[in-house]
Amino acid sequence: MRKIVLAGNWKMFKTQAESEDFLKGFLPTLEDTPFGREVILCVPFTDLNVISRNLHGSRIQLGAQNVHWADNGAYTGEISGEMLTEVGVRYVIIGHSERRQYFGETDETVNLRLRAAQRHGLTPILCVGETKQQRDAGEAEALISKQIKEDLVDIDQSNLIIAYEPIWAIGTGDTCEAKEANHIIGNIRSQLTNPDVPIQYGGSVKPNNIDEIMAQPEIDGVLVGGASLEPESFARIVNYQ
Ligand code: PEP
């Protein structure tokens, strides 16, 4: 049985004070959220502690946005699995297109980070997806297959979430057609050894398109950037019809 996973990615937004304000608005809205939906907030490192302390037994799970492959060492600016689990982190985004594009992540480093996450008992949310140029050239499916193949070498598929995030749809307001996303996610699933891996869609998910996206049979949830920053819009997404 595939789990439904609704995750917010705050990227580099929100101070600790702003995180607390968000929770004050968001926590009460979870009273209407049907059981069986996993709700995750992937927040900046400096917000992890404050969110962890203010969850008050709520069903929100804590997520980070990256983890290093080494357990510790001279890796300035990085963070280890143990540092994350110590503050209550359960999930971690790995291979987000912004990491691949601006910080030189490759399928090899993504694979190393996935292994480290699992070694520390974290559930990775692996992001894959194509650029507009690759899509227009008809290369999307081959590119995604390559990412899946190389990123998942020796990865335990019983502790994994995948997010299909077409890069041209991230932060642009330009959503991938729900049916097209459903088709690509079906293709991703056909490459997995575990058909129960939850596969999310990500890319300009908003209150006005969430119901259609979640009606697709292959789509098990969403990874949400911009619309996860406001309690009202993320609540509407988490409480989709
Ligand atoms: C993301 O950051 O993963 C994302 C999908 O962003 P947005 O929802 O803003 O497009």
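A polar side-chain atom of His96 lies 2.9 Å from an oxygen atom of the ligand. I begin with that contact, where a polar contact denotes a pair of N or O atoms within 3.5 Å; within protein, one must be able to donate a hydrogen and the other to accept it, and residues adjacent in sequence count only if both atoms are side-chain atoms. The model is a predicted one, in which local features need pLDDT of at least 70 and side-chain atom pairs count only at pLDDT 80 or more, while totals for chains, interfaces and linings use all residues. Residues are numbered from 1 along each chain as its sequence is written, and side-chain values use heavy atoms, with hydrogens and water left out.

In the side chain of Lys11, an N or O atom is 2.8 Å from a ligand oxygen atom. Gly226 contributes through its backbone, with an N or O atom 2.9 Å from an oxygen atom of the ligand. The ligand taken alone exposes 300 Å², and the protein buries 98% of that; these accessible areas come from the Shrake-Rupley method with a 1.4 Å probe, and for residues only the protein chains shown count as cover.

How many residues surround the ligand? There are 14, and the closest are Lys11, Glu165, Gly171, Ser204 and Gly225; a residue is near a molecule or strand if one of its heavy atoms lies within 4 Å of it. This shell divides into 4 nonpolar, 8 polar and 2 charged residues. Here Ala, Val, Leu, Ile, Met, Phe, Trp, Tyr, Cys and Pro count as nonpolar, Asp, Glu, Lys and Arg as charged, and the others, Gly among them, as polar.

Is Ser204 buried or exposed? Ser204 counts as buried because its relative accessibility is 8%; buried means under 20% relative accessible area, exposed over 50%, and partly exposed in between, with a 1.4 Å probe and protein chains only. The phi angle of Ser204 is near 55 degrees, a positive value in a residue other than glycine. Lys14 also has a positive phi, near 90 degrees, and is likewise a residue other than glycine. Lys14 lies in the loop between strand E1 (4-9) and helix H1 (16-26).

A polar atom of the Gln216 side chain lies 3.4 Å from the backbone oxygen of Glu212.

Three further residues deserve mention. Val89 is placed in the loop between helix H3 (81-86) and strand E4 (91-94), and counts as buried because its relative accessibility is 4%. From Val89 to His183 there are 94 residues in sequence and 32 Å in space, C-alpha to C-alpha. Ile162 belongs to strand E6 (residues 161-164) and, at 0% relative accessibility, counts as buried. Ile162 and Lys206 are 44 residues apart in sequence and 19 Å apart in space, C-alpha to C-alpha.

Finally, Leu112 is part of helix H5 (residues 107-119). With 31% relative accessibility, Leu112 counts as partly exposed.

Technical notes:
Helix = DSSP H or I, 4+ residues; strand = E, 2+ residues; numbered from the N terminus.
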